[in-house]
Amino acid sequence: MSNKYEEIMSRITEITDQPYETAKRKKEEKGQKTIGYFAMHFPEELIHASGLYPVLLQESNDPVTSGHAYYYSFFCGPSRSLVDQAAKEELNFLDAIIVGDYCIQEIGAGEVLGEKLPKVKNLFFRLPVGNMPWTGDDIVEGLKELKRDIESITGKTITDNDIKRSFKIYNKNRQLLREIYEIRNKTPEVISSKDLVRIIQSSMVMLKEENNILLAELVEALKTKAVPKKTGPKVFLSGSLCGAPKFDILSIIENAGAVVVGDDLFHGWRYISSDIDESIKDPLKAISEYYIRRNKDVPCPIRVDPDTKWEQYLVDRVKELGADQLIILVAKYCEAHMFFYPDIKEAVEKAGIPHLQIQIEHEIVSLEAVKTRVEAFLEMTEIAAAK
Amino acid sequence: MSQELKKANRLKSGKLVNKLVNQYWEDLIMAKEQGKLVCYTTGLPIGPFLDAQDMAWIHGEGYGARVAARHEELEPQIYAERRGYDRELCSYARTQMGCVMFAERGVPLDLQVGAIAKEIPVPDFIITCYPGCTSGPQWDWAIERMFPGRKIPWFNVVIPYHYGRNGSGYMRGEEYEQEVAYVTRQLKDMCEFIGKMSGRPYNYDKLSELMNTVKQCGTLRKQAMELCAAKPAPASFFDWSQFIAPVNYLSGLPGTVEAMQAAKDEIEERIRTGESAIPNEKYRIFWEGIMNWNKLGWMANKFANYDATVVAGRYTHMAFWQEPDVIDPANPLRGVAINHLECQLGLGYPITEEKMFELCKLYSIDGVVLHGARTCRSFGRSHYLMAENLSKKLDISSTMFEGDMVDESFYKEEVVNTRIEALLESLEAKKQRQRG
């Protein structure tokens, strides 16, 4: 029975190890044009509704080399990686890219891609931050502009019905992924963090209809999978990472004996926490409402909504999921997270939740140092608990 | 290359700016005692909007620059880092947040803190008006969180990127027009918000008066800067950096027009007499990047020593009421919106390049220095594109070094020297080839 799970994970691993191959094949076989877009706040449903293939651009595992001819090394890993991919001509298959104005480092990367990929249409999504009374309407205006620009690629109008059909497919995808999370919440040992990230990643780079079929199989396989016994400390993983967390780091955490019981990662719960409300008549208003509500469900430091309290969210989630400890993954040079970390630190210390901050760099210099810190952190908390 | 000790010939009228700045900060510290509400603001100059309602304001970047200019920035930065703010974070923000922590949490016994760094009044409300930098609103939100017992009212003016979609360019095109309308609408709402904070109807008449002053000051500055197309240049980018305050957080205040008029008069006199910004101008340089405030004098003298006039820069010449002609003081909101929207930091790369190249031609630029401010990723995001295209399209060489706005720990002086020398050697070789 576990062979079925492993067989599906093998397919998923093949897809996520070469994240753009599926899109490239669709283009070769069916001539389907592809739009690449940047994390984390992006109306994928709008691209899908247009009939184009949406690919959420992924941080590569390759060291940044050629990309440093176009971007300073003190920019975050995901943005440098995308610039590097463009410099190495790995993104030439795209027909368009879309960047949004919620992160200056992504915008910069988008501008470099715009110059280095002259044959790829460079689109822009205006997503206002903040929570002024008019923010929702302003987001709708940004969506209208984006819709107009996507339509200029296909030459076809994206109808309301097209968008609503996409809502159903995307909501189904998120529901299936949440089902996997529910299985994990009941039995955290059933699935490793690395596998969970790969599963989410597969959703980001496959057509959602096809991913839904794969996920449905996976849910069934998980229900009957053998569960390894693990009794280590329960850890909640937090981060505002645009790229997938490094598998080496996840392995270090789990090999040190920790059981990951929850996360708020973008390649995790953050991506799937909320659905678009299909009852809202105007689909662009539905997407706008979704952005604002999703941010209240899992606060994002980039969205700058003072009515959300990321620090309190983490305290509550850690307690809700019965975690003993919190490991915070901060992407080096991520300004949004760097501004927030001190507030999180003070809140979790006040709540008596032990925490460890690990800075994630694109090129990790010393895994041994990370391993030592993680092991020491887990041991300290075990010793404190034993007393 | 010989290195006699030459010094920059800075504008004497800069002393008027120093006087205005000193007075402003002294008044600010007393603002609460005078019964004024205090607004924290970051990004574009909105001082006139607050002054119209008789309020005081602390401009975050201006504050950070002021603290650094007095060499009081180290202690607030240390205190902020102790709380957990990473050194890679905007140094303006770390400086201001450290000072706010002094005000809210007290000064630790082991830190010797300067006067201005520990006397910052706390905010009654916050207004963000940031172009081209997503860190700006995040910074203000971090400030808001520093007062957990209070809910500080906050207004955010979203200045959208003018990306250059569908053929839109500098002050033209559909994207431009839509975004000007969007910002204008928000500025109106901001006036209503300020009125609500004060408990009185908003004083649009006073705003008009103040914007008249802003227009005059901006016009004089633009005229004075354009005079520096003369060879040798009578003033430098370092002078214009000093003169940012009257068109930034001092916008609309008494004395700003007089200071700018004095600068223009001094420049005209220098052109008449042949007096230049540096003793011996051999090279004309464009400064691409933000200013390093605790090294302004140091940098000015360094380039003077290399016989290089830094004539202009994106920071000084493409922002801060750079389009004064469009301001109609009687109905100023649209003119303010245009200036704010077209501020260089919020322009898409093709538009930035277009305007920057115009300046390089106007000022007969030989070479470009790209100052990669370590903690300002907004400014540095297009530097490599600029370096490549300056060479390809204009045959202008460039050099690059890392530094920072107000955190001097990011400087390596010998690297700066080496990079500048390499640029100037290549410029000298080019001149010799052209002569030969």
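**Reading a two-chain predicted model**

Modeller: Start at the end of a helix.

Colleague: How many residues of helix α3 of chain B are buried?

Modeller: The cut-off first: buried means under 20% relative accessible area. In helix α3 (residues 60-69) of chain B, nine of the ten residues are buried, so the helix is mostly covered. The buried set is Gly60(B), Glu61(B), Gly62(B), Tyr63(B), Gly64(B), Ala65(B), Arg66(B), Val67(B) and Ala68(B).

Colleague: Are Asp54(B) and Phe320(B) buried or partly exposed?

Modeller: Partly exposed covers the range between the buried limit of 20% and the exposed limit of 50%. Asp54(B) has 45% relative accessibility, so it counts as partly exposed. Phe320(B) has 11%, so it counts as buried.

Colleague: On to omega. Which peptide bonds are cis?

Modeller: Here are two, one in each chain. The bond from Ala39(A) to Met40(A) is cis, with omega near 0°. Met40(A) sits in the loop between β1 (34-37) and α3 (44-49) of chain A. In chain B, the bond from Lys231(B) to Pro232(B) is cis, with omega near -5°. Pro232(B) belongs to the loop between α8 (204-227) and α9 (237-242) of chain B.

Colleague: Now aromatic pairs. How many does the structure hold?

Modeller: Two rings pair if their centres lie within 6.5 Å. Over all chains, the structure holds 37 aromatic pairs. One of them is Tyr71(A) with Phe75(A): the ring centres are 4.4 Å apart and the planes meet at 50°.

Colleague: Why is that pair called tilted?

Modeller: Planes under 30 degrees apart count as stacked and over 60 as edge-to-face; the rest are tilted. The planes of Tyr71(A) and Phe75(A) stand at 50°, so the pair is tilted. Check the burial too. Tyr71(A) has 1% relative accessibility and counts as buried. Phe75(A) has a relative accessible area of 0%, and is buried as well.

Colleague: What about Trp134(A) and Phe155(B)?

Modeller: Trp134(A) and Phe155(B) form a tilted aromatic pair, at 5.5 Å centre to centre with 55° between the planes. Trp134(A) lies in the loop between β4 (121-125) and α6 (135-154) of chain A, and Phe155(B) in strand β4 (residues 154-159) of chain B, so the pair joins two chains. Both Trp134(A) and Phe155(B) are buried.

Colleague: Which residues do ring pairs link into a cluster?

Modeller: Tyr37(A), Phe42(A), Phe125(A), Tyr290(A) and Tyr291(A) are linked into a cluster by ring pairs.

Colleague: Where is Asn161(A), and is it buried or exposed?

Modeller: Asn161(A) is part of helix α7 (residues 160-186) of chain A. Exposed means over 50% relative accessible area. Asn161(A) has 52%, so it is exposed. Look along the chain as well. Pro283(A) is 122 residues away in sequence, but the C-alpha atoms of Asn161(A) and Pro283(A) are separated by 8.6 Å.

Colleague: Now step back to whole chains. Why does the radius of gyration of chain A agree with a compact globule?

Modeller: Compare the value with the expectation for the chain length. For 387 residues, a compact globule would have a radius near 21 Å; chain A has 20 Å, so the two agree. Its C-alpha atoms fill a box of roughly 70 × 45 × 45 Å along the principal axes. Chain A carries 15 helices and eight strands, and 64% of its residues are buried.

Colleague: What does chain B show?

Modeller: Chain B has 17 helices and eight strands. Its radius of gyration is 21 Å, close to the 22 Å from the globule rule for 436 residues, so chain B is as compact as a globular protein of that length. Its buried residues make up 66% of the 436.

How values were computed:
Residues are numbered from 1 along each chain as its sequence is written. Chains are lettered from A and ligands numbered from 1 in the order in which they are written. This is a predicted model: local features need pLDDT of at least 70, side-chain atom pairs count only at pLDDT 80 or more; totals for chains, interfaces and linings use all residues. Side-chain values use heavy atoms; hydrogens and water are left out. Helices (H or I, at least four residues) and strands (E, at least two) are DSSP runs, numbered from the N terminus. The radius of gyration is taken over C-alpha atoms; the globule rule is 2.2 Å times the number of residues to the power 0.38. Buried means under 20% relative accessible area, exposed over 50%, partly exposed in between (1.4 Å probe, protein chains only). Rings of Phe, Tyr and Trp (its six-membered ring) pair if their centres lie within 6.5 Å; planes under 30 degrees apart count as stacked, over 60 as edge-to-face and the rest as tilted.
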